[in-house]
Amino acid sequence: MAHFINKQKILVGLITASITATTIGGAVYGYPLSFLFGGNKDADAEAGSQVVEVEVKDIENTINVTGALASSTEMTAMVDKNAADLAVKEIKVKIGDEVKEGDVLFTLDTSDLEKSLKDNEQKLAVLERKNAIAANQQQRDYSDLKKNNALAETQEIRNILNAEDKLDDNYVDQGLALDELYKKYGYEDQSYYEACDAQLAMYDAEDALNAGREDPSITTEELNELITNYNSAVERFNTALTAYEGNIAASIIAEAAVRTANRTIRDAEKELIDKNENLDKANRERNHAEKKAVEGIETADLDRSTSDQEITTDLMKIRKQLAAATITAKSSGIVTAVNAVVGQVPTNDPVVVTDINHYNVACDVDEQYISDIKEGMQARFTTNATGEDFLNGVVSFVAVTPTKQQSSNNNNNNNSGSNGGATSTSGQTDKSRGTYRVLIKVNDQNDRIRPGMTAKITIITNKAENVTAVPVDAIDYDLDGNPILHVTKDEGATSVDVKVTTGLSDGTYTQVTGEGLTAGTKIIVPEEEADELPNSDLFS
C-alpha cells in the first residue's frame with residue numbers, strides 16, 4: 001500500500017541537519033520548533049488548518065474494465081436426424097416472441113408418414129395373431145413338463161428333509177456329549193489348579209520345617225507345630241492329586257462318548273449327501289429337458305420375429321420421424337432468429353431462442369491485472385440502457401491462457417475506490433501484451449438489458465466493510481516514519497498526535513485504527529507548509 005508522505009516530514013531531516021547553525025531563539029526563520037518535531041500544536045501553528053472527522057465506511061480496491069453482455073443460454077432448434085428429410089409444414093413463432101420450455105416452434109409435414117404407419121401396423125397385427133397361437137401351444141407343453149418335474153423334485157426334497165431331521169437329532173446328542181465333556185474338562189482343570197496350590201503349600205511347609213530344624217533357638221513346641229503343618233499340607237496335596245486323577249478318568253470316558261456321537265453324525269451326513277447328490281442328478285436331467293423345451297420355444301420365437309422384423313423396423317423408423325416432426329423449445333427465452341421456410345427442408349439454425357433472464361458479462365483483462373482477479377469475487381456493472389443503476393454479479397471464470405495479444409491501448413484500468421476510482425493506471429503499452437477472458441455471472445435481473453450491450457464493469461478485488469477511515473491527506477508521519485493523526489478536540493486550536501495503523505486504501509480514504517479513534521473524532525489535516533518556507537542557504 002502506498003503511503004502519502006507529507007512534505008513536512010521530508011523537510012524535517014534537512015532542517016535537523018543544520019539546526020545548530022541556524023537556530024535563533026528556538027526557531028528557524030520564524031517557524032516554531034514544534035512545527036519541526038511534532039508534539040502538541042498551539043493555536044498559531046494550527047491557524048487555518050482543515051479539520052475533518054473520522055468516518056465509518058466501506059473501502060474497496062477495484063479493477064474497471066469494459067465488456068459485453070451475453071445470454072448464458074442460446075438454444076438452436078435443430079431437427080432430429082430421423083426427420084432430417086421432412087419439409088417444414090408450419091412455423092408457430094416469429095422473431096421477438098417469448099416462448100417457454102416445451103412450446104412448439106415449428107412442425108414438419110408428416111402426411112406420407114401417417115399413411116405408411118397405418119399400412120404397416122395392419123400387416124404387423126396379422127402376423128402377431130398367427131404367432132401368438134403357435135407360441136401359446138408351446139407354452140402349454142412347456143408348463144406340463146415343468147409341473148411333472150416339480151412333483152418329482154418335491155418327493156426327493158421330502159426325503160432329504162427327513163434325513164436332515166435325523167442329522168439334527170444326532171447333532172443334539174453330540175451337543176449333550178460335548179457339554180458333558182466340557183464339564184469334565186472344567187472339573188479336571190479346577191482339580192489341577194487345586195493340586196498345584198496344595199503342592200506349593202506343601203513345599204512352603206517343608207521349607208518352613210527345614211528352616212526350623214536348623215534354627216537353634218526354636219522350641220520343641222514350635223518345631224512340633226511345623227511338623228504338624230507339613231503333614232497336613234502333604235495330606236491335602238495327596239487328596240487334591242487323587243481328585244485330579246479321578247477327573248482325568250471321567251474326561252476320558254466323556255471323550256469316548258463324543259467320539260461315538262461324531263461317528264453317528266458322519267453316518268447321517270453321508271446319508272444326507274447321497275440324497276442331495278441324487279436330487280442334483282435328477283435336477284440336472286429335468287433342467288436339461290426344460291432347457292431343450294425352452295430352446296425350441298426360442299427358436300420358434302426367433303423364426304416368428306424374423307418374419308415380421310422388416311415391418312417392425314419400418315414402424316420404428318416411422319414413429320421416430322413422427323416424434324421428431326414437432327420441434328419444441330428446449331428452454332425459455334426470446335426468439336431471435338427464424339430461418340425456416342414453409343415447404344423447404346430446414347437447414348442450419350432454423351429457429352434460435354435466446355435466454356434473456358440469465359446473463360454473463362464477458363470481458364478481456366490486461367495481463368497486468370489478471371492475477372488480482374479470482375473466481376467468486378463480487379462485481380457490478382452499468383450499461384447505457386440501465387443508466388446509473390448498478391447490476392451485481394460474481395466472477396465465475398478466469399482464463400489461464402490469453403485470449404489475444406494486443407500492441408495498442410486497451411480499456412483496462414485498475415481503479416481503486418468505492419466512489420468511482422480515485423486513482424487509476426492505464427493499460428497502455430508499447431509492446432505486445434496478452435489479455436485474458438473473464439466471465440461474470442449476472443445475479444440481478446433487469447428488463448432493459450439485452451445480449452450484446454456494452455457493460456462498464458467494476459470487479460472488487462479487496463474490500464473492508466464498516467471500518468474507521470480518514471482522508472489520505474489527513475495522515476502524517478513522525479520522525480521514525482510511523483503514521484500519525486493530529487487529533488483535536490477544540491476545532492484545531494490544539495491537537496494531540498495519535499499513532500495509528502493503516503489498512504486498506506482506495507486512494508481517497510485510508511482505513512486507520514488507533515487509540516481513541518471512533519466515528520466523529522476530529523482530525524487536523526496537515527498543511528503543505530514546506531512550500532511556504534523561505535528560500536535560503538539553509539536548504540542549499
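In this predicted model, Arg437 forms a salt bridge with Asp364, and the closest N and O atoms of the two are 2.7 Å apart. Because Arg437 belongs to strand E16 (residues 433-442) and Asp364 to strand E12 (residues 359-366), the pair ties together parts that are 73 residues apart in sequence. Arg437 is partly exposed, its relative accessible area being 31%.

Another salt bridge joins Arg286 to Glu156, with 3.0 Å between the closest N and O atoms. This pair likewise links distant parts of the chain, since Arg286 lies in helix H6 (residues 220-307) and Glu156 in helix H5, 130 residues apart. Arg286 is buried, with a relative accessible area of 9%, whereas Glu156 counts as partly exposed at 24% relative accessibility.

Lys115 and Asp119 also form a salt bridge, and, being four residues apart in helix H5 (residues 111-214), they are separated by about one helical turn. Lys115 counts as exposed, at 58% relative accessibility, while Asp119, at 34%, counts as partly exposed.

| Salt bridge | Closest N and O atoms |
|---|---|
| Arg437 and Asp364 | 2.7 Å |
| Arg286 and Glu156 | 3.0 Å |
| Lys115 and Asp119 | 3.4 Å |

The count of salt bridges comes to 16, and a network of them links Glu60, Arg380, Lys463 and Glu465.

As for the overall setting, the protein has seven helices and 22 strands, and 35% of its 540 residues count as buried. Among contacts between residues at least 6 apart in sequence, 79% join residues at least 24 apart.

Definitions and conventions: Residues numbered from 1 in each chain as written. Predicted model: local features only at pLDDT ≥ 70, side-chain atom pairs only at ≥ 80, totals over all residues. Heavy atoms only, no water. Helix = DSSP H or I, 4+ residues; strand = E, 2+ residues; numbered from the N terminus. Buried < 20%, exposed > 50% of the residue type's maximum accessible area, 1.4 Å probe, protein only. Contact = heavy atoms within 4.5 Å. Salt bridge = Lys/Arg side-chain N within 4 Å of Asp/Glu carboxyl O.
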